[in-house]
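Colleague: I want to learn to read strands, crossovers and a loop residue. Can we take them in turn?

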Amino acid sequence: MHTAVAKRVLYLSGTLDSVVLEDSALKIYAMLEENKKDWITMFITSYGGEVLAGFGLYDFLTEITKPRLQTVIVSEADSMSIMLAMAGRHRVMNSSASMLFHEITEFQGKEAMGLPDVKNMLVTLDCLRAAYAKIVSAKSNLTLTETLDLMEQEERVDAKTALKFGLVHEIIK
């Protein structure tokens, strides 16, 4: 896929919550019902959002529907939106865009948590962290350790570095 404007587009912007991601999945499904062969371009400008919903959309894109998907990072892809960008068969990034890696966080919406809740939360966070890092490293030139280091250091990556790391295939100038 090249960087020319595609006819079938989806925009992921702002905070990625379960409503936005469900709506995105439905739009992609509708595009695929219409035509499975043509490329879909997903433009991303997001600080990230809900971890479990993000994993759900990622799995929908890579394991269930498997569209011919190009992802384009327009200005910023942080946190969970990095993983969604990695779902693209062809990944493109604007030359002024960036990505922010950080540790996985997930809020349960509880005011008070007992020790069993905290233990379960830690196990869940560790599993999500490992799964996220595994996905990013499998789709880039980064090792699992390098990906985890980026997350631990809360590292911001510019377009040239993203290309070097294999996070994207092309930079738009």
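Modeller: Start with burial. A residue is buried when its relative accessible area is under 20%. Keep in mind that this is a predicted model.

Colleague: How many residues of strand β2 are buried?

Modeller: Seven of the 10 residues in β2, residues 40-49, are buried, so the rest of the structure largely encloses this strand.

Colleague: Which way do β1 and β2 run?

Modeller: Two strands pair if there are at least two bridges between them. Strand β1, residues 9-16, is joined to β2 by seven bridges, and the two run parallel. Leu-10 is opposite Met-42 of β2. Between β1 and β2 the chain passes through helix α1, residues 18-34, in a right-handed β-α-β crossover.

Colleague: What pairs with β2 over six bridges?

Modeller: Strand β3, residues 69-78, also in the parallel sense. Here Ser-46 faces Ala-77 of β3.

Colleague: Now the loop residue. Where is Ser-140 found?

Modeller: Ser-140 sits in the loop between α4 (115-138) and α5 (144-152).

Colleague: Does Ser-140 count as buried or exposed, and why?

Modeller: Buried, because its relative accessibility is 14%, and the cut-off is under 20%.

Colleague: What does the side chain of Ser-140 reach at 2.8 Å?

Modeller: The backbone oxygen of Val-136. A polar atom of the Ser-140 side chain also lies 3.1 Å from the backbone nitrogen of Leu-142. Beyond neighbours within four places in sequence, Ser-140 is in contact with Met-86, Phe-165, Gly-166 and Leu-167.

Technical notes:
Residues are numbered from 1 along each chain as its sequence is written. This is a predicted model: local features need pLDDT of at least 70, side-chain atom pairs count only at pLDDT 80 or more; totals for chains, interfaces and linings use all residues. Side-chain values use heavy atoms; hydrogens and water are left out. Buried means under 20% relative accessible area, exposed over 50%, partly exposed in between (1.4 Å probe, protein chains only). Helices (H or I, at least four residues) and strands (E, at least two) are DSSP runs, numbered from the N terminus. A crossover is right-handed if, with the strands pointing away from the viewer, the path from the first strand over the helix to the second runs clockwise. A polar contact is a pair of N or O atoms within 3.5 Å; within protein, one must be able to donate a hydrogen and the other to accept it, and residues adjacent in sequence count only if both atoms are side-chain atoms. Contact means heavy atoms within 4.5 Å.
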